[in-house]
Amino acid sequence: MQRSSALGFLTVGMGAGAVVLVLAGLVKGSFAALDHFTTAQWIAGIYLGAGGGALAFILWVMALARATPTRVANTMTVNPIAATLLAALLIGEPITANLLVGLLAVFAGIWIATSEAKPA
């Protein structure tokens, strides 16, 4: 890992993971389901893989070069909050009491992790 950049290491890791997933899909015959995908499903899959997966991790690695690991790790925990609010706005997903409790727990975790300890 010391011989390459963090972004290079991430790229090789994600590539290796993709190869293993493709091989597992071939062994299990999971690719047959792709025959029935609509255009919207292909677009969603490509968006999730490229935008939600690769781009998010590339930005995460770049952020690690500029901030502390604790602060950068908290950016990933904001994802469920953003997804919940966007789903409520775009497709009318209901915001239930359980969801609110979960969101409050995420907010509390982010606040605890990013708060500075007060000197005694």
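Biologist: How many helices and how many strands does the protein chain have?

Modeller: This is a predicted model. From the N terminus on, the elements run α-α-α-α-α. The count for the protein chain is therefore 5 helices and 0 strands.

Biologist: What radius of gyration does the protein chain have, against that of a compact globule of 120 residues?

Modeller: The C-alpha trace spans about 60 × 50 × 20 Å along its principal axes. For a compact globule of 120 residues, the radius of gyration would be near 14 Å. The protein chain has 19 Å.

Biologist: What percentage of the 120 residues is buried?

Modeller: The protein chain has an accessible surface of about 9,400 Å², and carbon and sulfur atoms hold 74% of that surface. A residue counts as buried under 20% relative accessible area. By that cut-off, the buried share of the 120 residues is 9%.

Biologist: Among contacts with a separation of 6 or more, what share comes from residues 24 or more positions apart?

Modeller: A contact here means heavy atoms within 4.5 Å. Of the contacts with a separation of 6 or more in the protein chain, residues 24 or more positions apart account for 54%.

Biologist: Are α3 and α4 roughly parallel or roughly antiparallel to each other?

Modeller: Helix α3 covers residues 69-77 and helix α4 covers residues 79-91, and their axes lie 4 Å apart at an angle of about 25°. Thr 75, Met 76 and Thr 77 of α3 meet Asn 79, Pro 80 and Ile 81 of α4; these residues divide into 3 nonpolar, 3 polar and no charged. Angles under 35 degrees count as roughly parallel, so α3 and α4 are roughly parallel.

Biologist: How is α3 oriented relative to α5?

Modeller: The axes of α3 and helix α5 (residues 97-114) come within 10 Å and cross at roughly 170°. On the α3 side the contact includes Arg 71 and Asn 74, and on the α5 side it includes Val 106 and Ile 110. The residues of this contact divide into 3 nonpolar, 4 polar and 1 charged. Because angles over 145 degrees count as roughly antiparallel, α3 is placed relative to α5 as roughly antiparallel.

Biologist: Is Thr 84 buried or exposed?

Modeller: Thr 84 lies in helix α4. Leaving aside neighbours within four places in sequence, Thr 84 is in contact with Leu 99 and Leu 103. The relative accessibility of Thr 84 is 13%, so Thr 84 counts as buried.

Biologist: Where is Gly 29, and what is its relative accessible area?

Modeller: Gly 29 sits in the loop between α1 (6-28) and α2 (39-64). Gly 29 is partly exposed, and its relative accessible area is 44%.

Conventions:
Residues are numbered from 1 along each chain as its sequence is written. This is a predicted model: local features need pLDDT of at least 70, side-chain atom pairs count only at pLDDT 80 or more; totals for chains, interfaces and linings use all residues. Side-chain values use heavy atoms; hydrogens and water are left out. Axes are lines fitted to C-alpha atoms, for helices over the stretch in contact, and angles run from 0 to 180 degrees between N-to-C directions. Helices (H or I, at least four residues) and strands (E, at least two) are DSSP runs, numbered from the N terminus. Angles under 35 degrees count as roughly parallel, over 145 as roughly antiparallel, 65 to 115 as roughly perpendicular and the rest as oblique. Ala, Val, Leu, Ile, Met, Phe, Trp, Tyr, Cys and Pro count as nonpolar, Asp, Glu, Lys and Arg as charged, and the others, Gly among them, as polar. The radius of gyration is taken over C-alpha atoms; the globule rule is 2.2 Å times the number of residues to the power 0.38. Buried means under 20% relative accessible area, exposed over 50%, partly exposed in between (1.4 Å probe, protein chains only). Accessible areas come from the Shrake-Rupley method with a 1.4 Å probe; for residues, only the protein chains shown count as cover.
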